[in-house]
Amino acid sequence: MVQDDSLAVRACVASTLLGVLKHDRELAVNLFRRLCDTDADLLESPSIERFLYYATRSHFDTVKTVIESMLNCTLPEVVSAGARQACLAALASEEARPLFHLCLSGSAAQRLGAAQVCSTNLQ
């Protein structure tokens, strides 16, 4: 299902992978990477961002390529979502700090995502 032709099916699979993540993080993250090896429209799905939020805590190195793809996307919504996830990951992982700094000085969409995370987590 992670390689289904239907964008809607793949978006639903991202939500399903959250359940898998609770029981087998390695399997879930590997399937997620295969799922995201597709067109940028899927990366706009809220379920993609939600999965990244939980996966970056333990598998940042594995999902880093997905976040980088989001940051380099032509769709501003995807770029902002990628920036949010990069910045959230930087709160928990030193390895994510270079992406955080990239977002702070990057495109308008990257800065927007960084600002959203910084304003929410300022406390």
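Me: Let's start with charge: how many positive and negative side chains does the protein chain have, and how far apart are the centres of the two sets?
Reply: The protein chain has 11 positive and 14 negative side chains, and the centres of the two sets are 6 Å apart. Lys and Arg count as positive and Asp and Glu as negative, while His and the chain ends are not counted. Each charge is placed at NZ of Lys, CZ of Arg, CG of Asp or CD of Glu.

Me: And what kind of model is this?
Reply: This is a predicted model, where local features need pLDDT of at least 70, side-chain atom pairs count only at pLDDT 80 or more, and totals for chains, interfaces and linings use all residues. Residues are numbered from 1 along each chain as its sequence is written, and side-chain values use heavy atoms, with hydrogens and water left out.

Me: OK, how many helices and strands are there?
Reply: The protein chain has seven helices and zero strands, so the pattern along the sequence reads α-α-α-α-α-α-α, given that helices (H or I, at least four residues) and strands (E, at least two) are DSSP runs numbered from the N terminus.

Me: How compact is the protein chain?
Reply: Its radius of gyration is 14 Å, close to the 14 Å that the globule rule gives for 123 residues, so the chain is as compact as a globular protein of that length. That radius is taken over C-alpha atoms, and the rule is 2.2 Å times the number of residues to the power 0.38.

Me: What box do the C-alpha atoms fill?
Reply: Roughly 35 × 30 × 20 Å, taken along the principal axes.

Me: What percentage of the residues count as buried?
Reply: 44% of the 123 residues do. Buried means under 20% relative accessible area, exposed means over 50%, and partly exposed is in between (1.4 Å probe, protein chains only).

Me: What is Arg10 in contact with?
Reply: Leaving aside neighbours within four places in sequence, the partners of Arg10 include Met1, Asp4, Asp5, Leu35, Asp39 and Leu42. Contact means heavy atoms within 4.5 Å.

Me: Which helix holds Leu71?
Reply: Helix α4 (residues 46-71). Leu71 counts as buried at 5% relative accessibility. The C-alpha atoms of Leu71 and Arg10 are 61 residues apart along the chain and separated by 20 Å.

Me: What does Leu71 have in contact?
Reply: Setting aside neighbours within four places in sequence, Leu71 is in contact with residues including Val79, Ala83, Leu99, Leu102 and Cys103.

Me: What about Ala28, buried or exposed?
Reply: Ala28 is buried, at 0% relative accessibility. Ala28 lies in helix α2 (residues 25-35) and touches Leu17, Val20, Leu21 and Phe51, not counting residues up to four places away in sequence.

Me: Where does Cys73 lie?
Reply: In the loop between α4 and α5, and Cys73 counts as buried at 14% relative accessibility. Not counting residues up to four places away in sequence, Cys73 touches Ala40, Val78 and Val79.

Me: So which helix is Ala40 found in?
Reply: Helix α3 (residues 40-43). Ala40 is partly exposed, with a relative accessible area of 26%, and touches Cys73, Leu75 and Val78, again not counting residues up to four places away in sequence.

Me: Last one: where is Ser93, and what does the side chain of Ser93 reach?
Reply: Ser93 is in the loop between α5 (76-92) and α6 (97-104). The side chain of Ser93 reaches the backbone nitrogen of Glu95 at 3.2 Å.

Notes: Polar contact = N/O pair within 3.5 Å; in protein donor to acceptor, adjacent residues only side chain to side chain.
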